[in-house]
Amino acid sequence: MNTLIDFYQNLGLALSLLVIATFLLAGTIKGVIGLGLPTLSMGLLGLAMAPSQAAALLIIPATLTNVWQLAFGGHLQGLVKRLWPMLLAIFIGTGAGTLWIGMAGGHWVVRGLGAALLLYALSGLLLPPLHVDGRQEGWLGPLCGLLTGIITSATGVFVIPAVPYLQALGLNKDELVQALGLSFTVSTLALAAGLLWRGALGGGELSASLLALIPAVLGMWLGQWLRQRISAVLFKRVFFIGLGLLGGHLLISG
């Protein structure tokens, strides 16, 4: 408990409130559209703290909410059998990126995070639905996984290019939500291993991350309530526009 209190005392009141508000908002978005918690968290927290510190805070909220997401749907065994090459490549790419690049902070990492967010937003807003032929999965899945892992190790954002790839596989709604949860879980665990190896994930960071789980879960409940009352398509469009503006700001001012 002392490490948790010390961590937030070191952050200060303003940053502590930013952490709470960020995970509440990010959890709400995830509750509505099934993704966005780590992406938005890294984007907003990256405005005020080092990417490695922001990534450490999202480990427990991202892991537990993603495990919950992948656990329900009834397609887990089939998805693991189909997606294991991509998932393995994500883990390998994250490990290699941790050794090669790392999340050491600095302007180039912040700009890299901004570029990843902007690319993700533009793909969600502008690209038509993509379709991957079954014959292409053998090489395209591992390639997307490897690139996702490298980007994850440098920025803490693990949606590019994994999410567009999964959306292009022709999965039904339940399969896609479960596949996203599976991919995000592997990415989060690989990121946690990389942060631990670099000494950026100690007891204080884990305790602080555990506390961040509270607003994240509250946000998910709120998002699930909102999902029944607003258009998810409209919400997703607004989300991508906001994410693009945030990514552009980080890219320019990083």
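This is a predicted model: local features need pLDDT of at least 70, side-chain atom pairs count only at pLDDT 80 or more; totals for chains, interfaces and linings use all residues.
Residues are numbered from 1 along each chain as its sequence is written. Local features need pLDDT of at least 70 and side-chain atom pairs pLDDT 80 or more, while totals for chains, interfaces and linings use all residues; side-chain values use heavy atoms, without hydrogens and water.

**View 1. Tyr165 in the largest nonpolar core.** A nonpolar core is a set of buried Ala, Val, Leu, Ile, Met, Phe, Trp, Tyr and Cys residues joined through side-chain atoms within 4.5 Å. Buried means under 20% relative accessible area (1.4 Å probe, protein chains only). This core has 61 residues, and Phe23, Leu35, Tyr120, Tyr165 and Leu166 touch the most other members. Not counting residues up to four places away in sequence, Tyr165 touches Met86, Val132, Glu137, Leu140, Gly141 and Cys144; contact means heavy atoms within 4.5 Å.

**View 2. Helix 4 against helix 9.** Helices are DSSP runs (H or I, at least four residues), numbered from the N terminus. Helix 4 (residues 51-71) and helix 9 (residues 173-197) pack at about 145 degrees, with axes 8 Å apart. Axes are lines fitted to C-alpha atoms over the stretch in contact, and angles run from 0 to 180 degrees between N-to-C directions. The residues that meet include Ala55 and Ile59 in helix 4, and Leu180 and Phe184 in helix 9.

**View 3. Ile90 in helix 5.** Ile90 lies in helix 5 (residues 76-100). Ile90 counts as buried because its relative accessibility is 0%. Its C-alpha atom is separated by 8.0 Å from that of Cys144, 54 residues apart along the chain. Leaving aside neighbours within four places in sequence, Ile90 is in contact with residues including Gly145, Leu146, Ser183 and Val186.

Terms used
Buried means under 20% relative accessible area, exposed over 50%, partly exposed in between (1.4 Å probe, protein chains only). Helices (H or I, at least four residues) and strands (E, at least two) are DSSP runs, numbered from the N terminus.
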